[in-house]
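Welcome! Please take a look at the sequence and the structure below, and then follow the notes by topic.

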Amino acid sequence: MTRLGVNISMAIVLGWVMFALADLVLPAWVALVAAITVGMLSVSVLRRTVAIGGVVALLAPFGVMLPALALRDVAVAFGAPIPGFSTPEIAVFLMLYTGFLASVYGKVPIELYRYGYAPKPVGLMVLALCAYSFATGNWFLAVVTVTAQSFWTLRLGSSNWFDHMLHVLLWPAALWALIARVF
């Protein structure tokens with residue numbers, strides 16, 4: 001991803017974290033102001049610091065899904081009718097993503113990550129996710145999937161489609177969402 005893309009993604013993700021924390025104790029509009037402030041400061045003033053540089057080194061590439069979920073979360077807090085994911089969908093995602101991460105780290109004998117480089121498997125995954133989105137009425141997933149496909153096709157960032165669709169922070173975020181729904 002370009003430097004501008006990384007900066008925008010980082011501002012969104014760090015702003016989202018600020019929004020989530022501030023929204024626990026402050027009105028949503030105050031939390032939004034705090035989130036925008038933190039996001040903009042992190043990329044404009046603090047970008048060259050060791051802390052923010054470390055965040056980028058640790059978390060990049062941000063991909064499409066993580067910033068999109070962050071923006072969706074904030075928009076939904078203000079009443080936007082953007083579809084989310086059901087509890088069973090989150091549970092299935094966690095199981096599949098755990099298996100995917102196990103394959104990436106060599107804990108299972110098949111390496112799924114390599115399929116993110118090839119056009120045919122990526123095309124089939126995009127079609128499957130779009131069909132699932134159509135069947136469930138979740139246009140948000142279709143938009144993210146097609147956007148990730150576009151970034152991958154235009155070579156805006158990683159040469160692996162999974163880097164555009166997935167992010168390691170999705171696992172703890174999904175786990176947190178699942179726990180919050182169950183309890």
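Helices (H or I, at least four residues) and strands (E, at least two) are DSSP runs, numbered from the N terminus. This is a predicted model, in which local features need pLDDT of at least 70 and side-chain atom pairs count only at pLDDT 80 or more, while totals for chains, interfaces and linings use all residues. Residues are numbered from 1 along each chain as its sequence is written, and side-chain values use heavy atoms, with hydrogens and water left out.

**The largest pocket**

- Rolling a probe the size of a water molecule over the atoms shows where empty space is left.
- On a 1 Å grid over the protein atoms alone, a pocket is an open set of points where a 1.4 Å probe fits, with protein on both sides within 12 Å along at least five of seven lines; lining residues have an atom within 4 Å of a point.
- The largest pocket holds about 1,700 Å³ of space, where grid points are joined across faces, edges and corners and the volume is the space filled by probe spheres set on the points.
- There are 44 lining residues, and Leu69, Phe85, Phe93, Leu170 and Ala174 are the closest to the pocket's centre.
- Two or more lining residues come from each of these elements: helix H1 (3–22), helix H4 (65–77), helix H5 (87–104), helix H6 (119–136), helix H8 (161–165) and helix H9 (170–182).
- The lining of the largest pocket has 38 nonpolar residues, one polar and five charged. Here Ala, Val, Leu, Ile, Met, Phe, Trp, Tyr, Cys and Pro count as nonpolar, Asp, Glu, Lys and Arg as charged, and the others, Gly among them, as polar.

**Buried residues**

- Buried means under 20% relative accessible area, exposed over 50%, and partly exposed in between (1.4 Å probe, protein chains only).
- Gly5 lies in helix H1 and is buried, because its relative accessible area is 16%. Its C-alpha atom is 27 Å from that of Gly79, 74 residues apart along the chain.
- Ser103 belongs to helix H5 and counts as buried, because its relative accessible area is 3%. From Ser103 to Leu166, 63 residues apart along the chain, the C-alpha atoms are separated by 14 Å.
- Val144 sits in helix H7 (residues 139–153) and is buried, with 3% relative accessibility. Between Val144 and Gly15 there are 20 Å in space, C-alpha to C-alpha, and the two are 129 residues apart in sequence.

**Exposed residues in loops**

- Val25 is found in the loop between H1 and helix H2 (28–44), and it counts as exposed because its relative accessibility is 70%.
- Arg155 lies in the loop between H7 and H8 and is exposed, with a relative accessible area of 67%. Phi of Arg155 is near 60°, a positive value in a residue other than glycine.
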